[in-house]
Amino acid sequence: MTPNEIGFALLYIGVFLLIGKIIRVKWTLLQNLFLPSSIIGGFIALFLGPQVLGKFMPEDSFFSNGIMTESIMEVWSALPGLMINVVFAALFLGAAIPKLKDIWYYAGPQLALGWSVGWGQYVVGITLAVLILVPFFDLPAMSGALIEVAFEGGHGTAAGMASTFEELGFAEAFDLAIGLATIGVLSGVIFGIILINWGVRNKKTKVIEDVEDFSDLRKRGVMEYQNREPAGKMTLRPESIEPLSFHLSIVFIAILIGWLLLQGLIGLESITIGSDFMSYIPLFPLAMIGGIALQIFFSKKDKYNLVDRRMVNRIQGLALDILILTAISTVSLDVIGEYLVPFVILAAAGIAWNLFGFLVLAPRMIPQYWFERGIGDFGQSMGVTATGLLLMRVVDPDNESPAFEAFGYKQLFYEPFLGGGFVTALSVPFIAQFGPLPTLIVAVAMTAVGIFFGLFYFGKQKAA
C-alpha cells in the first residue's frame, strides 16, 4: 500500500463524518435519538461499502467493492485499534486530581453501583456462555466477556481488543462486539429517554419537571450562540510551538510510555515464568497509565499550567469520532448474521441486566438524587460515557445535583479497571487460559462486593 492510498483513505473519513453531520441536522428522528455524527456516518459508509452495496454489484464491476476501495477498507480496519490508544492516553491528562475525602463522599455510591453492574455483566455473559453459547452454538467461552467489552467498553474497547481476539483464535468476536456496542448506544439513548419520561411522571426526579427543554439547535447538534466557548486555551505561543502540536506530543508520549510498559511486562513474564499471557494484553490500558504518569509529573513540575484539559478533550474527541466511524463501517455483517441468535441473546441479556441495575440497585445504593446520578451510570453501562453525560444533562441541565461531580470522581477509580481498563483487557485472555468457571467465580465475588457496599454501607446513609 502506497502513502497516497493511505492519505486518500484518511480523506474519506472527513467525507463521511460530514455526511453524518448533515443527516443529523436534517433528520428529526436522529436528533431525538441524539446519535453522534460518527455513528451515522459509519452506517452510511457500511451501506456504501463492500458489505452492502458491493454485494449487489457484479464481481468484476467498478462498484464491486461499493464506493470504497480495498485500500480504504484496509486502512480503516486498522484505525480503531490505533485510535483507542489516543482516547485512553488522554483520559486523565490535564485533569485535576481531587482530594481522597471528596472522591469517597461523592463517588463511593456511584462506584459501588458501577462496580456491581460492570462485574455483573461478566456474571450474566459467562453464565450464558457456559449454559447456552458454548454447548448449543459452539462458541468459545470467551464470548461470555462480550457484554462487558461491548456495553461497558463501547466501540473503542471493542476495537482495541481486535488483535487479542484474533490472536486467541476468535476473530469473529470483533464484529460481534462492535455490533453489540452499536446496540448498546442505540438502546442506551432510547431506554434512557423512556426512563427519564417515566421518572418525571412518577416523581422520581428532583431537578426537572419535563424533558422538552432542549432547543432546536441542541437537538441538531449545533451549539447555541450564547453557549459557544473556546475549544481550548492558548497555553503556549505559536511561534515557539503550536499548542495543538504540544498537546498531541504529550498524548503520543503517553502512548509510548504505555508501549514500553507493555514490552517490559512481556519481557519480565518471559524471563520469570516463561508464559505468553501478557502478549495478549492490548496497549490502550497501558497508554492510560502513561497518561496518568505524565499528569502526575505535570501536576508537580509544570508551574506554567501548560496542559489544557479542553485541548486534550478535542484530541480525544477527534480520535473517538474516527474510531467509531471506521469501526462501524468495517464490521462484518456476515459474521453477525452467522451468529445472529447468540448476538440477540447477549444483547437482550445485557440490556436487561443494565435496566435491573438502574431500576433496582441505584435507588437502594445512592442516598441522594439517585435518579439524576444513576442515569449517568446506566448510560455508561450501555457503551459510551458520553451517553451517560447526555442523559444526566437531560435530567439536570443546570448542574443542580451532585450528579456530574460524583460521576467524574467515580471515573478516576472505575476507568482503570472496568469499561476498557485492566479488567476488560485481561478478561478475554484470562478466560482463554484458565477457563470460564474461575472467571465466573471472580466475577460473582466482585459483583457481591459492589452490591454489599452499595446496599449496606452507602445505602444506609440515606436513613442517617
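Buried here means under 20% relative accessible area, exposed means over 50%, and partly exposed is anything in between (1.4 Å probe, protein chains only). This is a predicted model, in which local features need pLDDT of at least 70 and side-chain atom pairs count only at pLDDT 80 or more, while totals for chains, interfaces and linings use all residues. Residues are numbered from 1 along each chain as its sequence is written, and side-chain values use heavy atoms, with hydrogens and water left out.

| Residue | Relative accessibility | Class |
|---|---|---|
| Phe-62 | 74% | exposed |
| Thr-205 | 11% | buried |

Phe-62 sits in the loop between helix H3 (37-48) and strand S1 (64-67); helices (H or I, at least four residues) and strands (E, at least two) are DSSP runs, numbered from the N terminus. Phe-62 also belongs to a nonpolar surface patch with Phe-47, Leu-48, Met-57, Phe-63 and Ile-67, and together they have about 560 Å² of accessible area. The areas are Shrake-Rupley values with a 1.4 Å probe.

Thr-205 is in the loop between helix H9 (172-201) and helix H10 (216-220). Leaving aside residues up to four places away in sequence, Thr-205 touches Gly-199, Val-200, Phe-371 and Glu-372, where contact means heavy atoms within 4.5 Å.

Methods:
Patches are made of residues with over 30% relative accessible area and no salt bridge: like charges are joined within 9 Å, nonpolar side chains (Val, Leu, Ile, Met, Phe, Trp, Tyr) within 5 Å. A salt bridge is a side-chain nitrogen of Lys or Arg within 4 Å of a carboxyl oxygen of Asp or Glu.
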